[in-house]
Amino acid sequence: MTRGIRRGVVAALVGAFVALSGAGAAVAAPADGPFTISATDLKYGQPDLNGWRSAQNTVTFTNTTSEAIEFPVLTFPVNGRDHAMHADWSGCPVMFGHSNELVCITEPIAAGETTTLTLPWGTNQRPPGGVAHVRIEKGLDRDGNVEAGTVSRTSYRVSFAKLTGAFDITATDLRYGPVEEDGFRRGSTTVTITNLTKRAVPYPLISFPSSAGTPEHTLWSDCPVVFGQRDKTVCQAEPLAAGASATLTFPFLTDSAWTEFEANVRVDAGADDKGTVIEGTAAGTQYTVFESA
(Lines give C-alpha, C1' and ligand atoms only; values in the text may rest on other atoms or scores of the structure.)
Protein backbone atom coordinates (compact mmCIF):
# COMPACT_ATOMS: atom_id res chain seq x y z
CA MET A 1 0.00 0.00 0.00
CA THR A 2 1.29 3.45 -0.86
CA ARG A 3 0.37 6.41 1.30
CA GLY A 4 0.82 10.14 0.96
CA ILE A 5 3.13 12.13 3.14
CA ARG A 6 1.63 14.57 5.64
CA ARG A 7 3.25 18.02 5.88
CA GLY A 8 5.23 18.05 9.09
CA VAL A 9 6.88 20.82 11.03
CA VAL A 10 10.60 20.90 10.30
CA ALA A 11 12.26 20.90 13.68
CA ALA A 12 15.72 21.98 12.63
CA LEU A 13 16.78 23.29 9.24
CA VAL A 14 20.43 23.36 8.33
CA GLY A 15 21.73 24.16 4.83
CA ALA A 16 23.15 21.04 3.28
CA PHE A 17 24.10 19.59 -0.01
CA VAL A 18 23.93 16.19 -1.68
CA ALA A 19 27.13 14.38 -2.67
CA LEU A 20 27.91 13.98 -6.34
CA SER A 21 30.65 12.04 -8.11
CA GLY A 22 31.12 10.17 -11.35
CA ALA A 23 28.13 9.20 -13.52
CA GLY A 24 25.54 6.44 -13.52
CA ALA A 25 21.85 5.64 -13.48
CA ALA A 26 19.48 5.50 -10.54
CA VAL A 27 18.92 1.97 -9.29
CA ALA A 28 16.95 0.32 -6.54
CA ALA A 29 19.02 -0.94 -3.64
CA PRO A 30 18.92 -4.64 -2.70
CA ALA A 31 16.99 -5.54 0.42
CA ASP A 32 20.04 -5.93 2.67
CA GLY A 33 18.18 -4.18 5.51
CA PRO A 34 14.54 -3.72 6.53
CA PHE A 35 13.99 -1.42 3.52
CA THR A 36 14.23 -1.34 -0.23
CA ILE A 37 14.96 2.11 -1.65
CA SER A 38 15.07 3.74 -5.08
CA ALA A 39 15.33 7.29 -6.40
CA THR A 40 14.56 9.07 -9.66
CA ASP A 41 17.16 11.12 -11.48
CA LEU A 42 17.57 14.85 -10.77
CA LYS A 43 17.76 17.28 -13.71
CA TYR A 44 18.26 21.00 -13.15
CA GLY A 45 16.43 23.45 -15.41
CA GLN A 46 17.44 26.85 -16.79
CA PRO A 47 19.20 29.29 -14.42
CA ASP A 48 17.49 32.45 -13.18
CA LEU A 49 19.19 35.86 -13.18
CA ASN A 50 21.11 34.88 -10.04
CA GLY A 51 22.46 31.78 -11.78
CA TRP A 52 20.20 29.62 -9.57
CA ARG A 53 18.75 26.37 -10.96
CA SER A 54 15.94 24.30 -9.46
CA ALA A 55 14.95 20.64 -9.72
CA GLN A 56 13.22 17.88 -7.80
CA ASN A 57 13.33 14.13 -7.60
CA THR A 58 11.58 11.40 -5.64
CA VAL A 59 12.86 8.86 -3.16
CA THR A 60 10.74 5.73 -2.63
CA PHE A 61 11.26 3.19 0.13
CA THR A 62 9.36 0.13 1.38
CA ASN A 63 9.30 -1.45 4.81
CA THR A 64 9.92 -5.13 4.00
CA THR A 65 9.49 -6.33 7.58
CA SER A 66 6.42 -7.53 9.43
CA GLU A 67 6.54 -4.70 11.95
CA ALA A 68 6.05 -0.93 11.81
CA ILE A 69 9.19 1.23 11.86
CA GLU A 70 8.70 4.43 13.81
CA PHE A 71 11.79 6.35 12.71
CA PRO A 72 12.89 5.78 9.09
CA VAL A 73 16.13 7.77 8.67
CA LEU A 74 17.19 9.06 5.24
CA THR A 75 20.74 10.39 4.96
CA PHE A 76 22.23 12.39 2.08
CA PRO A 77 26.02 12.92 2.02
CA VAL A 78 27.18 16.55 1.70
CA ASN A 79 29.43 17.80 -1.09
CA GLY A 80 28.69 21.50 -1.59
CA ARG A 81 26.80 21.41 -4.86
CA ASP A 82 23.10 20.72 -4.24
CA HIS A 83 21.09 22.72 -1.73
CA ALA A 84 18.18 20.94 -0.11
CA MET A 85 15.15 23.24 -0.27
CA HIS A 86 14.20 21.94 3.15
CA ALA A 87 11.24 24.26 3.73
CA ASP A 88 9.47 22.22 1.04
CA TRP A 89 10.56 18.79 2.25
CA SER A 90 7.11 18.10 3.69
CA GLY A 91 7.81 14.41 4.27
CA CYS A 92 10.48 15.17 6.87
CA PRO A 93 9.02 16.18 10.25
CA VAL A 94 12.60 16.32 11.54
CA MET A 95 15.65 17.48 9.61
CA PHE A 96 19.15 18.38 10.69
CA GLY A 97 22.59 18.67 9.21
CA HIS A 98 26.06 17.58 10.20
CA SER A 99 29.32 18.71 8.62
CA ASN A 100 29.18 15.93 6.06
CA GLU A 101 25.54 14.87 5.74
CA LEU A 102 21.88 15.90 5.77
CA VAL A 103 19.44 13.78 7.77
CA CYS A 104 15.69 13.47 7.20
CA ILE A 105 13.59 11.51 9.71
CA THR A 106 10.34 10.66 7.96
CA GLU A 107 6.89 9.70 9.20
CA PRO A 108 6.49 6.17 10.69
CA ILE A 109 5.98 3.44 8.11
CA ALA A 110 3.79 0.36 8.62
CA ALA A 111 4.82 -3.22 7.80
CA GLY A 112 4.86 -3.74 4.04
CA GLU A 113 4.10 -0.09 3.38
CA THR A 114 5.71 2.10 0.68
CA THR A 115 6.44 5.81 1.02
CA THR A 116 7.42 8.23 -1.75
CA LEU A 117 8.90 11.65 -0.94
CA THR A 118 9.22 14.47 -3.47
CA LEU A 119 12.38 16.44 -2.70
CA PRO A 120 13.10 19.92 -4.17
CA TRP A 121 16.73 20.92 -4.71
CA GLY A 122 18.57 24.00 -5.95
CA THR A 123 22.09 24.85 -7.06
CA ASN A 124 24.17 27.77 -8.31
CA GLN A 125 26.82 25.41 -9.62
CA ARG A 126 27.39 24.47 -13.25
CA PRO A 127 27.72 21.27 -15.31
CA PRO A 128 28.90 18.58 -15.42
CA GLY A 129 26.53 16.57 -13.27
CA GLY A 130 27.30 13.30 -11.55
CA VAL A 131 25.82 10.75 -9.18
CA ALA A 132 24.14 11.51 -5.85
CA HIS A 133 23.71 9.01 -3.04
CA VAL A 134 21.15 8.38 -0.31
CA ARG A 135 20.77 5.71 2.34
CA ILE A 136 17.95 4.65 4.64
CA GLU A 137 18.22 3.03 8.07
CA LYS A 138 16.01 2.06 10.97
CA GLY A 139 16.21 4.89 13.48
CA LEU A 140 16.14 4.43 17.24
CA ASP A 141 14.90 7.93 18.09
CA ARG A 142 14.35 11.44 16.72
CA ASP A 143 18.01 12.29 17.28
CA GLY A 144 19.08 10.30 14.23
CA ASN A 145 20.65 7.37 16.09
CA VAL A 146 20.28 4.23 13.98
CA GLU A 147 20.24 0.49 14.49
CA ALA A 148 23.37 -1.19 13.15
CA GLY A 149 22.95 -3.49 10.17
CA THR A 150 19.77 -1.85 8.85
CA VAL A 151 21.18 0.27 6.01
CA SER A 152 20.06 0.16 2.38
CA ARG A 153 21.54 2.47 -0.25
CA THR A 154 20.83 3.79 -3.71
CA SER A 155 22.13 6.42 -6.11
CA TYR A 156 20.68 8.64 -8.80
CA ARG A 157 21.98 10.63 -11.71
CA VAL A 158 22.27 14.46 -11.54
CA SER A 159 22.32 16.48 -14.77
CA PHE A 160 21.78 19.99 -16.14
CA ALA A 161 19.49 21.16 -18.93
CA LYS A 162 21.37 22.71 -21.85
CA LEU A 163 21.27 26.50 -21.80
CA THR A 164 18.65 27.89 -24.17
CA GLY A 165 18.97 31.67 -23.64
CA ALA A 166 20.93 34.31 -25.53
CA PHE A 167 23.96 34.31 -23.20
CA ASP A 168 25.97 32.39 -20.67
CA ILE A 169 27.76 34.42 -17.98
CA THR A 170 30.24 33.74 -15.17
CA ALA A 171 31.96 36.04 -12.67
CA THR A 172 34.88 35.59 -10.31
CA ASP A 173 34.65 36.55 -6.64
CA LEU A 174 35.81 40.03 -5.59
CA ARG A 175 38.17 40.42 -2.66
CA TYR A 176 39.23 43.91 -1.58
CA GLY A 177 42.87 44.51 -0.75
CA PRO A 178 44.43 46.61 2.03
CA VAL A 179 43.75 50.34 2.45
CA GLU A 180 45.75 52.41 -0.04
CA GLU A 181 47.18 55.92 0.36
CA ASP A 182 43.93 57.58 -0.76
CA GLY A 183 41.95 55.74 1.93
CA PHE A 184 40.29 53.25 -0.43
CA ARG A 185 40.50 49.51 -0.77
CA ARG A 186 40.36 48.07 -4.27
CA GLY A 187 39.42 44.82 -5.92
CA SER A 188 37.95 43.52 -9.16
CA THR A 189 35.73 40.82 -10.60
CA THR A 190 36.32 39.17 -13.97
CA VAL A 191 33.22 38.49 -16.05
CA THR A 192 33.03 36.12 -19.01
CA ILE A 193 30.07 36.30 -21.39
CA THR A 194 29.27 33.87 -24.22
CA ASN A 195 26.91 34.51 -27.12
CA LEU A 196 24.80 31.34 -27.37
CA THR A 197 22.90 32.48 -30.45
CA LYS A 198 23.63 32.06 -34.15
CA ARG A 199 23.83 35.82 -34.71
CA ALA A 200 26.33 38.47 -33.69
CA VAL A 201 25.37 40.73 -30.77
CA PRO A 202 26.54 44.25 -31.69
CA TYR A 203 25.86 45.76 -28.24
CA PRO A 204 26.42 43.39 -25.30
CA LEU A 205 25.37 45.25 -22.12
CA ILE A 206 26.93 44.10 -18.83
CA SER A 207 25.29 45.75 -15.82
CA PHE A 208 26.03 45.86 -12.10
CA PRO A 209 23.27 47.06 -9.72
CA SER A 210 24.18 49.73 -7.16
CA SER A 211 24.07 47.04 -4.46
CA ALA A 212 27.15 45.43 -6.02
CA GLY A 213 29.36 48.24 -4.72
CA THR A 214 31.14 51.33 -6.05
CA PRO A 215 32.52 50.75 -9.55
CA GLU A 216 35.84 52.40 -10.39
CA HIS A 217 34.45 52.85 -13.89
CA THR A 218 37.21 55.16 -15.10
CA LEU A 219 39.37 52.01 -15.08
CA TRP A 220 36.84 49.86 -16.95
CA SER A 221 39.19 49.73 -19.92
CA ASP A 222 37.44 46.70 -21.42
CA CYS A 223 34.32 48.82 -22.00
CA PRO A 224 34.24 51.22 -24.98
CA VAL A 225 31.19 52.90 -23.42
CA VAL A 226 30.02 53.09 -19.79
CA PHE A 227 26.54 54.27 -18.81
CA GLY A 228 25.99 55.53 -15.27
CA GLN A 229 22.31 55.07 -14.41
CA ARG A 230 20.37 55.72 -11.20
CA ASP A 231 20.28 52.11 -10.02
CA LYS A 232 23.10 50.47 -12.00
CA THR A 233 26.29 50.90 -13.97
CA VAL A 234 26.32 49.49 -17.50
CA CYS A 235 29.26 48.48 -19.68
CA GLN A 236 28.62 48.39 -23.42
CA ALA A 237 31.15 45.78 -24.46
CA GLU A 238 32.65 45.14 -27.89
CA PRO A 239 30.44 43.31 -30.43
CA LEU A 240 30.25 39.58 -29.79
CA ALA A 241 30.16 37.15 -32.71
CA ALA A 242 27.86 34.13 -32.77
CA GLY A 243 29.23 31.50 -30.37
CA ALA A 244 32.06 33.79 -29.22
CA SER A 245 33.11 34.61 -25.64
CA ALA A 246 34.64 37.72 -24.11
CA THR A 247 36.32 38.17 -20.73
CA LEU A 248 36.28 41.61 -19.05
CA THR A 249 37.72 42.87 -15.76
CA PHE A 250 35.74 45.34 -13.60
CA PRO A 251 37.57 47.25 -10.82
CA PHE A 252 35.62 48.35 -7.72
CA LEU A 253 36.63 50.37 -4.66
CA THR A 254 35.40 50.95 -1.13
CA ASP A 255 36.27 53.16 1.84
CA SER A 256 34.61 50.94 4.45
CA ALA A 257 34.72 47.37 5.71
CA TRP A 258 31.70 45.07 5.57
CA THR A 259 30.82 41.47 5.99
CA GLU A 260 30.81 39.03 3.09
CA PHE A 261 27.85 39.32 0.74
CA GLU A 262 26.57 38.12 -2.63
CA ALA A 263 26.57 40.55 -5.56
CA ASN A 264 24.93 40.24 -8.96
CA VAL A 265 25.88 40.96 -12.55
CA ARG A 266 23.86 40.43 -15.74
CA VAL A 267 24.24 40.69 -19.49
CA ASP A 268 21.61 41.75 -22.04
CA ALA A 269 21.63 42.28 -25.77
CA GLY A 270 21.39 45.96 -26.59
CA ALA A 271 19.16 47.29 -29.36
CA ASP A 272 21.34 50.35 -30.07
CA ASP A 273 24.36 52.31 -28.82
CA LYS A 274 22.26 54.14 -26.22
CA GLY A 275 21.93 51.23 -23.80
CA THR A 276 18.42 50.15 -24.85
CA VAL A 277 17.88 46.55 -23.71
CA ILE A 278 16.25 43.88 -25.87
CA GLU A 279 13.81 42.23 -23.48
CA GLY A 280 14.10 38.49 -22.92
CA THR A 281 17.84 38.28 -23.65
CA ALA A 282 19.18 38.59 -20.10
CA ALA A 283 21.40 36.13 -18.28
CA GLY A 284 22.79 36.69 -14.79
CA THR A 285 24.97 35.24 -12.08
CA GLN A 286 26.16 35.88 -8.52
CA TYR A 287 29.64 36.30 -7.12
CA THR A 288 30.91 36.79 -3.59
CA VAL A 289 32.36 40.08 -2.29
CA PHE A 290 34.69 39.33 0.59
CA GLU A 291 35.19 41.40 3.72
CA SER A 292 38.02 43.88 3.38
CA ALA A 293 41.33 42.57 4.68
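Counted along the chain, the bonded cysteines of the protein pair in the disulfide pattern 1-2, 3-4. The structure is a predicted model, and 2 disulfides are present in it. The protein has 22 strands and 0 helices. Of its 293 residues, 44% count as buried.

**Overall fold and surface**

- Strands number 22 in the protein, whereas the helix count is 0.
- Taking contacts between residues at least 6 apart in sequence, 76% join residues at least 24 apart.
- The protein has an accessible surface of about 14,100 Å². Carbon and sulfur atoms account for 51% of that surface.

**Disulfide C92–C104**

- C92 is joined to C104 by a disulfide with an S to S distance of 2.0 Å.
- The link of C92 and C104 is left-handed, with -90 degrees about the S-S bond.
- Are C92 and C104 buried or exposed? Both cysteines, C92 and C104, are buried.

**Disulfide C223–C235**

- The sulfur atoms of C223 and C235 are 2.1 Å apart and form a disulfide.
- The disulfide of C223 and C235 is left-handed because the torsion about its S-S bond is about -105 degrees.
- This pair links distant parts of the chain, 12 residues apart: C223 is in the loop between β17 (214-215) and β18 (225-228), and C235 is in strand β19 (residues 232-236).
- C223 and C235 are buried.

**Largest pocket**

- The volume of the largest pocket is about 520 Å³.
- Its lining consists of 29 residues. Those nearest the centre of the pocket are G51, R126, I169, G284 and T285.
- By class, the pocket lining comprises 12 polar, 11 nonpolar and 6 charged residues.

- Rolling a probe the size of a water molecule over the atoms shows where empty space is left.
- The count of cavities of 30 Å³ or more comes to 1.
- The largest cavity has a volume of about 40 Å³.
- Which residues line the largest cavity? The lining is formed by E70, F71, P93, I105, T106, E107, P108 and R142.
- These lining residues divide into 4 nonpolar, 3 charged and 1 polar.

**Cis peptide bond**

- Most residues other than glycine have a negative phi, and most peptide bonds are trans.
- The peptide bond that joins P127 and P128 is cis, with omega about 5 degrees.
- P128 is located in the loop between β10 (114-123) and β11 (130-138).

Technical notes. Residues numbered from 1 in each chain as written. Predicted model: local features only at pLDDT ≥ 70, side-chain atom pairs only at ≥ 80, totals over all residues. Heavy atoms only, no water. Disulfide = S-S within 2.5 Å. Buried < 20%, exposed > 50% of the residue type's maximum accessible area, 1.4 Å probe, protein only. Helix = DSSP H or I, 4+ residues; strand = E, 2+ residues; numbered from the N terminus. Contact = heavy atoms within 4.5 Å. Areas by Shrake-Rupley, 256 points an atom, 1.4 Å probe, with all protein chains shown as cover. 1 Å grid on protein atoms, 1.4 Å probe; cavity = no way out; pocket = protein on both sides within 12 Å on 5 of 7 lines; lining within 4 Å. Points joined across faces, edges and corners; volume = space filled by probe spheres on them. Nonpolar A, V, L, I, M, F, W, Y, C, P; charged D, E, K, R; others polar.
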